[in-house]
Every structure is written in C-alpha cells, then in structure tokens.
Amino acid sequence: MNGGTPAGAASLRAGDPSGAERAAALRRLAVTTLDANWEHDHTVPSRTLYPHQWSWDSAFIALGLVHVRPDRAWRELRTLFAAQWADGRVPHIVFNPALRVGSYFPGPEFWDSGRADGAPATATSGIVQPPVHAPAAWLVHRQAPSEASLQALHWLYPRLVAQQRYLTGRRDVGGGGLACIVHPWESGLDNSPAWDVPMAAVPADATVMRAYRRHDIAHADAAHRPTDLDYARYVAIVAAYRAGRYRDEGLARRHPFLVECPLVNSALGAAEQALARIATVVGADPGPHRDRAARITEAVVARLYDPVTGTFHPRDLRTDRLVPARTVLGLMPLVLPDLPARQVRAVLAEACSPRFGLAARMDRPLPSYDRTAPDFEPLRYWRGPSWLNTSWLLWRGLRTHHRPDLAAGLRESMFALVAQAGCHEYFHPDTGEGLGSPAFSWTASLLLDALADG
C-alpha cells in the first residue's frame with residue numbers, strides 16, 4: 001500500500017462501506033503513509049518528489065501524527081526549529097545530509113546557506129514558508145496534553161516568537177504591518193496564477209535551465225509542473241537573494257519579487273492568536289500577542305481586501321497594486337478569528353460562488369484557482385487542482401466562523417478525494433483523480449485530523 005492507488009482506497013470504491021468502515025480504512029491508509037515517510041527524526045513529504053524536510057509540511061504533518069504518534073509530532077517540530085536561523089527565519093527546506101548530491105533540485109549546493117550570517121550548521125534553503133507552526137503546536141498540545149507536550153511548548157515558544165519577529169520586522173518591506181514574501185515558493189502555492197503578474201517582471205531566459213537537472217519532472221508529468229521559464233524566474237529570484245547573502249536590508253531597492261500574500265499574513269495573525277494561548281500555559285504574557293494579532297488582521301483587511309471584487313488579493317509591492325487573479329489565497333483570511341463580519345460574509349460569498357463551489361453538499365472538490373477563469377488548468381500545479389492543505393485551512397476557518405454546514409460539506413469532499421484516489425499530493429478539481437506525488441504526507445496527516453473531528 002503506497003498511497004497512490006492503495007488497497008484501502010480500492011476497498012472503499014468497492015461497494016458502499018458504512019461510515020465507520022470508511023473512516024477505519026482511511027485511517028489505516030493515512031497511518032501507513034506516514035509511517036513509510038518517517039525519516040529518523042522527521043517526515044519527508046514524499047519518498048519520490050520531496051526527500052528532505054519541508055517547513056509548513058512538517059507543521060501539517062504534526063497535526064496528524066499527534067493522533068497516532070504524539071512523540072513523533074513533537075520531534076517533527078523540534079527537528080525543524082533546530083535549523084532555525086539566528087534572525088528567526090525558519091527555512092523552507094532542511095536538507096538531509098545523508099542524501100547524495102543531486103538527489104533534489106534546487107539542493108543545498110544551489111542555496112549555499114553557509115555563506116549567510118546566522119545560518120545554522122545544517123544546510124538549509126534561505127527562504128521561508130507560511131508560519132502555520134504556532135497554531136500547529138497549540139493544536140498538538142491541546143489534542144494530547146502531557147508533561148512532555150508542556151516541555152515541548154516551553155522549548156518552542158521563544159523560537160516561535162522569534163519566527164514572528166522576523167516576519168513582522170525584517171520582512172515588513174511595505175511598511176504597512178504585513179510580511180512580504182521574496183519568492184513564490186514562500187507562499188507555499190508555488191505556481192499559482194497569483195504570481196503571474198509580479199513574476200512577469202522578473203528577467204529570465206528558459207534556456208538557463210539547460211544548466212540544471214530538474215528533479216520534479218523526473219518524477220511527475222512535465223505538463224503538470226511549472227514550465228522551464230517559470231523555473232528560470234524562480235532561479236533568478238533565488239540568485240538575487242543569495243547574492244545579498246540572504247540579507248533583508250534594502251530589499252525594496254534591489255529585490256525583483258516583493259509581494260504581500262493573504263495566506264502568509266493570515267497565518268501570521270493566526271499564529272499570534274495561538275501564541276497567546278501558548279503563553280498562558282508557559283507562563284508568558286498573552287497580551288502582546290493578542291494586540292499584534294489584532295493589528296495584523298487590521299492590516300490584512302486594509303491592504304489586501306478589495307471591496308470591488310469582494311475578496312482578498314496579494315499586493316505587488318513593486319507596483320503597489322493588488323494582483324487581480326482570484327485564487328484560493330483569497331479565502332485564507334477566514335482562518336483569522338477576528339476577521340470583521342463584512343469580510344467574513346464576502347469570503348463566504350466568494351467561496352460559495354461558481355469560482356470555488358463550496359457548499360453543504362459539494363459535487364466537486366475545492367479548486368486552487370477560479371474554475372471559471374479562462375486560464376484555469378485542472379492538471380497544472382496550483383493553477384486549478386485541489387489540495388487538502390488549503391481545504392483543511394478553509395475547513396478550520398469555517399468552523400471558527402460558525403458555519404458547520406459548509407465545514408461538513410468540505411470535510412466530506414476531502415474524505416471522498418482520498419477514498420477515491422489515495423493520499424496524493426493534489427487532485428483533479430473535476431474528476432478527483434490523484435495527481436503529483438503518491439503517498440503524500442500532509443494529505444495523510446490532515447486526513448487524520450479531520451477524521452478525529454468526527
């Protein structure tokens with residue numbers, strides 16, 4: 001059973017098992033997937049496409065592990081934060097030194113993190129991912145409170161605070177109280193149409209990629225992945241950041257990609273809310289976290305909400321304009337518990353529109369991009385396909401804002417995807433076919449968390 005077209009999923013398609021039987025089969029599939037992807041002190045996202053440790057993957061993975069392997073959940077987070085930089089950034093990849101050079105592109109030799117001041121001894125990338133770690137840590141503790149989890153929170157708390165300070169301080173390039181991403185990869189939605197406009201301004205030539213061997217298209221259909229021109233721009237952006245030794249001073253003057261992302265900043269606000277809760281159990285003052293959470297929510301609304309479209313958009317700091325694409329990023333501010341009622345209603349209207357199809361009974365899964373857009377691509381990475389992590393985030397937001405009917409519909413849609421196709425990386429937004437890497441860890445983990453809610 002490998003998570004691609006597994007025995008568990010096959011048994012669910014054969015006949016119509018009871019809810020209890022289906023839940024048990026899904027749970028077995030998820031646990032098997034996670035156990036197979038455990039790598040001595042962390043979980044790889046997949047054995048084929050992603051053989052190292054990824055930042056926000058590990059946060060999502062901990063949320064599932066706590067239901068079956070709570071000791072591993074905490075070890076997952078500890079391993080990641082052991083590679084935190086001195087300035088507080090948590091790198092988006094922590095490289096496994098046991099793997100051969102060339103086993104992944106871009107690998108440690110490309111990032112060359114050792115050239116940067118304050119980088120850890122472990123080889124890492126130089127960029128970050130959405131700060132979903134504090135909410136994950138709080139949910140892990142709340143699910144299985146113990147003396148060990150309390151000790152883990154004491155160890156993590158100052159590191160989580162440092163992560164927030166890095167993002168709200170050094171990365172507030174726009175001066176409006178939000179964190180700026182310096183690469184599309186930092187959003188987690190690497191190839192989203194949300195980045196097309198700012199990416200088009202990055203000079204690049206697709207022939208540059210002849211000098212590299214792309215690991216992703218050796219394991220996945222090239223028609224489903226970013227193009228060589230996309231990758232040439234990705235490489236150019238990293239090269240610019242690396243040339244400055246990953247320093248953030250003066251980014252506004254010299255860096256080619258600077259965007260305020262709705263997901264990253266919604267996660268930033270939700271993290272302060274989680275840190276307030278963590279503070280109450282580790283003996284710290286929750287007040288400053290609550291104050292910062294309120295300021296971040298205000299800034300997300302002020303800078304990223306468009307009253308004309310009724311949804312949230314990234315802000316391109318190079319032009320100081322909102323990016324017009326309507327993507328799943330626009331739904332992510334629903335994770336903010338203090339999102340004003342007007343914006344809650346607007347996000348729900350956007351989510352329930354034909355663009356995304358959220359409903360109490362869904363006939364198709366939640367897409368990553370407006371399915372009515374002329375450039376909607378159901379097979380290409382983040383340009384249409386459905387992902388369990390963005391569905392899970394929206395599911396949590398729906399529950400926070402008291403829409404159990406819509407939350408139940410989205411949860412059932414998530415279960416149906418995995419029951420049909422297994423724990424794939426992402427799924428066809430119409431047929432539910434599994435796409436990308438099979439046996440994908442965050443799909444398994446978030447499935448476990450959603451199952452535990454029943």
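I'll take the cavities, then the pockets.

A quick word on what you're looking at: this is a predicted model, where local features need pLDDT of at least 70, side-chain atom pairs count only at pLDDT 80 or more, and totals for chains, interfaces and linings use all residues. Residues are numbered from 1 along each chain as its sequence is written, and side-chain values use heavy atoms, with hydrogens and water left out.

So, what do I call a cavity? On a 1 Å grid over the protein atoms alone, a cavity is a set of points where a 1.4 Å probe fits but cannot get out, and a lining residue has an atom within 4 Å of a point. Grid points are joined across faces, edges and corners, and the volume is the space filled by probe spheres set on the points.

There are two cavities of 30 Å³ or more. The largest cavity holds about 290 Å³. It has 25 lining residues, and the closest to its centre are Tyr 50, Trp 54, Tyr 104, Asp 190 and Tyr 381. Two elements give two or more residues to that lining, α3 (55–65) and α10 (228–243); helices here are DSSP runs of H or I, at least four residues, numbered from the N terminus. By class, this lining has 17 nonpolar, three polar and five charged residues. For those classes, Ala, Val, Leu, Ile, Met, Phe, Trp, Tyr, Cys and Pro count as nonpolar, Asp, Glu, Lys and Arg as charged, and the others, Gly among them, as polar.

The second largest cavity has about 30 Å³ of space. Who lines it? Val 161, Gln 164, Arg 165, Glu 272, His 289 and Arg 292. Helix α7 (147–170) and helix α13 (287–304) each give two or more of these, and α7 gives the most, with three.

Now the pockets. A pocket is an open set of points with protein on both sides within 12 Å along at least five of seven lines.

The largest pocket comes to about 560 Å³. Of its 23 lining residues, Pro 135, Leu 139, Val 335, Arg 396 and Thr 400 are the closest to the centre. At least two residues each come from α3, α6 (133–143), α12 (262–282) and α15 (388–400). This lining divides into 16 nonpolar, three polar and four charged residues.

And how is the second largest pocket lined? By 15 residues, with Met 362, Asp 363, Glu 412, Ser 413 and Ala 416 nearest its centre. That lining has five nonpolar, five polar and five charged residues.
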